[in-house]
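Please keep the sequence and the coordinates at hand while reading.

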Amino acid sequence: MSNTKVLPLLEPDAPVAEAPCCPPLAERPFTAEEAERTAKMFKALGDPVRLRLFSLVASHEGGEACVCDISDVGVSQPTVSHHLKKLKEAGLLTSERRGTWVYYKVAPSVVAAMGQMLALPREGA
């Protein structure tokens, strides 16, 4: 009797669905789940080192940055890795390993949803 198990293969190019964080503030009150998810994102950005790392990734040429290019933020490399992990867990960054390096990208749909959430309707519109 064999203990091996056949696992299904995932398509490598299959898009990962990213849930937007929340509705616009003026649309309706947040549900408890939306508030929890949104607070997690803002909490991740509430740390100065994380905000700086997020900015470095977002402003890097091509919209992605190797961890080797964004490590000079005044803290040790393990601390940089910790903060990048927190940004990723909050849904703000995505990552991809290429050889020995990890490349980070800003999750555009989540950031766009956060921007829409903060946009208040203009008076008279």
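## A residue in helix α3

V80 lies in helix α3, which spans residues 77–89; helices (H or I, at least four residues) and strands (E, at least two) are DSSP runs, numbered from the N terminus. This is a predicted model, in which local features need pLDDT of at least 70 and side-chain atom pairs count only at pLDDT 80 or more, while totals for chains, interfaces and linings use all residues. Residues are numbered from 1 along each chain as its sequence is written, and side-chain values use heavy atoms, with hydrogens and water left out.

V80 is buried, its relative accessible area being 0%, where buried means under 20% relative accessible area, exposed over 50%, and partly exposed in between, with a 1.4 Å probe and protein chains only. Setting aside neighbours within four places in sequence, V80 is in contact with L53, I70, S71, V73 and V75, contact meaning heavy atoms within 4.5 Å. Between V80 and L53, which are 27 residues apart along the chain, the C-alpha separation is 8.1 Å.

Two strands pair if DSSP finds at least two bridges between them. Strand β1 (residues 64–66) pairs with β3 in the antiparallel sense over three bridges, and strand β2 (residues 93–98) also pairs with β3 in the antiparallel sense, over six bridges. Within β3, Y103 is the bridge partner of C66 and the bridge partner of E96. The hairpin of β2 and β3 has two residues between the strands, and there G99 takes a positive phi near 65°.
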